[in-house]
Amino acid sequence: MFAPEREYEVVIPAVAGGGGGTAEAEADRLMGHGFGVIRGRESELALLERLLAQPQERLITLTGPAGVGKSHIAHAALIARTRAGGAPLLWTDLAESAGATAVWSSVGVDTARAAAARIGTRQTLLVLDNCDPVAARVALDISALLRACPRLKILVTSRVSLDIRAERVLVTEPLPTGVGSPAEELFTDHVSPRHRAGLDGAQAQSAVTELCRALDGIPLAIELAAEAVGTEGPQAVLDRLGRGEPIGRRRLRDTSARHDGISSALGWATQSLSAADRELLATLAVFEAPLGLAEVRRAAGAGQADAVAGIESLVHQSLLLSGRGPDGEPEFRLPRMARAHYHQTLTADPDALARALDQHAAHCTAFAAVLADGLRSGRDMGQLLAAVEARLPDLRKATDHLRARGDHAGVLRMLTALEGPLLGHGLDLDAAGAMEDSAAACADGALAAEALMAVARWALGRDERQRAEAALDRAAVAAAELPAVRARVAAHTGELLRRRGETAGAAALLESALRELDAVGDVYGAALARRSQSLLRAGHGDPDAERPALQALAELPCTPVELQEGAAEFWRDPWSPVVVRAALLNALARVRRLLGRSPEAYVNVRESIRLLMGTSGPAEAAEALETMVIVAVGPGNEEHKEALAQVLAHAEALRRQHALVSEEGVALRAVADRLHQGFDPAALRRLRLEARQVSPHSALIAGLFAPAPQQERPSPAGPAAPHGLTPRQHEVALLVAEGMTNRQIGRQLGISEWTVTNHLRVVMQKLECGSRVHVVRAIQQAG
């Protein structure tokens, strides 16, 4: 209870938001509303109590965004202070005050001069709660009052500071969120006891955690969400919030009108906004992610000075929260419920909303273009992915808006620029469907074809061959009148046929595509086509299979200047020039391994891994790691089993995380069997557990230090390969002579059954044999 005042009884004036009565009666009222209980505010409360006890602290302002709990903290501090026998207390709630005179009414006068005369030299604490409406008008009067009354202390709660010399500003931050946080405790406290059973279970608790995080830890918003939880449970409230629907229900009968909801609080708090402030709020209300100064300038179409002034004004009024971005630079955001309020206000003017969404989409398109430049120039992939992930809600909103207004070319420009993060890294797989839909409606054939090729690449990595084929068929139609783009589509289709084992069709398409690509000077398109060509020929056992990959490597730019110029010229390339070179080196390693030249293959794949460090997607990283393991494993490498098993575990983890399917399935199973033979099961489980959430960068580090393969000594009794057979072809022929099936040979050599079939076909051609029986005889005769 408030103790009786020693110098005189303090009357709480009957102003809006408060009632008449003694300080003791006010204490009863506050305690009845739970103001004596503080969740997650202990340190702020302790600091405020210390400052109230220090004579030199004359003016303390608690500031922060609407609904953050400024009045709550002030009430709790004053209850504790009054119980301890503090100075006489004068309190007024200015939430709906009509003018500055309401400030002085707490002293029982009409003017600041009269208030100074009334207080004089007495020890007094004046509390101005919810001072926002009159802060600018009374700031200088309060400064004069403090000078005239040496024992006067003033506590202000307001979104806006008074900005005078004596003021000590304390910023009230939102509650911490996360599992077991004060925000979650507050949520649970405000769920009706009738419905608290619905909070049991991991799924409900996860929804509560996400709700508190989505509501930015703002106590008023959390209370509203908690009170909305009924028979549907917290997940339903979270879903409504995600759809932009209101979540509040009727509150307690004695709740103040301005705390009926966030909209009520914000509507009351923004009465004095300038036209410029309102315009900037309308612009920022359509953005989901925080923005830096440069982004605010671009989004608002403002100059540097205007953008800085606008941001500072909104931050000063606690409408815009400031923080630090991943790069350490300042960034600014509207709390989620504030965005919803101002967006709803914006919706009342359809033209203004359309303009704001157009600016938003233009900003997102510009962001995508800048990020694509970073991807091509080899910037750190981790930073780029973090930037895209933070802006995913904005990218989705921009996609929906562009599609709604029929700007399908705009959709494709934005999404194809972000193909790597969205599809390759799996940040937004729904982008594939959006690209397919917009490609069908886009009049720009080149853009449509490029988007469909991106979808095909993604589908091939997941072994969704039918979807890849459908996308490439549509891309071919879109590019029918565009020879250069049509050639790229043909090269992609050739790769699809190669993976399906349709070797004749793949060879013809790749040859035709290369003629076109070389003719138009598309170095990167030709490089990837030659990569497919080398792998195709290696599958046939062609001893010259490495020639296309070597030619592509020789033609690719290699100096930093050449790489930059090449990236600028072919802006639609999904990979950076560095990643294209890495893909070629990895293909060369696979070819040389099939030709029995493992030491050379190791050098190639190691260089590929080095190039991919920090720039690759999970598919490229997993493929390089698999190649490294297949190349490095073998006789004489027994002591390195654990290191190679770790590399393989990382590759498997990347595949699982992103639903990717390996081309080297059979070979990998054979290698895994060899590695895991005699391996401690507990150690193997540990390796797989440690690799579960590995990033491409961390996985590639392990691959970079994988041991080199040991040189295999030729058996002195081993016969020389007859009739120009390669070492691998000779191995296949010898195993056929031992009576093995193609499947058994594949498992023995660590290659696919399809590859064995191709090798055997070439062996039969070179030995002029019509059947396996004739191969056996030819080998026996040669031996």
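N130 is buried, with a relative accessible area of 5%, where buried denotes a relative accessible area under 20%, exposed one over 50%, and partly exposed a value in between, computed with a 1.4 Å probe on protein chains only. The structure is a predicted model, in which local features need pLDDT of at least 70 and side-chain atom pairs count only at pLDDT 80 or more, while totals for chains, interfaces and linings use all residues. Residues are numbered from 1 along each chain as its sequence is written, and side-chain values use heavy atoms, with hydrogens and water left out.

N130 is found in the loop between β3 (124-129) and α6 (135-148); helices (H or I, at least four residues) and strands (E, at least two) are DSSP runs numbered from the N terminus. Although N130 is not a glycine, its phi is positive, at about 55°. A positive phi, of about 60°, is also found at D216, again not a glycine. D216 is placed in the loop between α8 (202-214) and α9 (219-228), and with 16% relative accessibility D216 counts as buried.

E331 has no salt bridge, and the nearest side chain of opposite charge, that of R391, is 5.1 Å away. In this assignment Lys and Arg count as positive and Asp and Glu as negative, whereas His and the chain ends are not counted; a salt bridge is a side-chain nitrogen of Lys or Arg within 4 Å of a carboxyl oxygen of Asp or Glu. When residues up to four places away in sequence are not counted, E331 touches P290, L291, G292, L321, S322, G323, R324, G325 and P326, contact being defined as heavy atoms within 4.5 Å.

Helix α18 (residues 392-404) has 13 residues, which at 1.5 Å a residue should span 18 Å, and the 18 Å between its end C-alpha atoms agrees with this; the expected span is 1.5 Å times one less than the number of residues. The buried residues of α18 are L392, D394, L395, K397, A398, T399, H401 and L402. Their cover includes α15 (336-347), α16 (350-376), α17 (381-390), α19 (408-417), α20 (419-424) and α21 (430-441). After α18 comes G406, with a positive phi near 80°.

In soluble globular proteins, nonpolar side chains tend to be buried together. The largest nonpolar core in the model has 51 residues, and those with the most contacts inside it are V388, L395, M414, L415 and M435; such a core is a set of buried Ala, Val, Leu, Ile, Met, Phe, Trp, Tyr and Cys residues joined through side-chain atoms within 4.5 Å. The element that gives the most to this core is helix α22 (residues 445-461), with 13 residues. A second, separate core has 48 residues, including L553, Y602, A621 and L668. Apart from neighbours within four places in sequence, L415 is in contact with T399, L422, A431, A434 and M435.

In total, 39 salt bridges are found in the structure. R498 pairs with E495 in one of them, the closest N and O atoms being 3.0 Å apart. Both residues lie in helix α24 (residues 483-500), three residues apart, about one turn of the helix, and both R498 and E495 are buried. R499 forms a salt bridge with E663, with 3.9 Å between the closest N and O atoms. This pair links distant parts of the chain, as R499 is in helix α24 and E663 in the loop between α32 (641-657) and α33 (665-676), 164 residues apart. R499 is partly exposed at 23% relative accessibility, and E663 is likewise partly exposed, with a relative accessible area of 31%.

A further salt bridge joins the side chains of R610 and E607 (2.6 Å, N to O). R610 counts as partly exposed at 46% relative accessibility, as does E607 at 29%. Through shared partners, salt bridges join E495, R498, R499, R531, R590, E623, E663 and E664 into one network.
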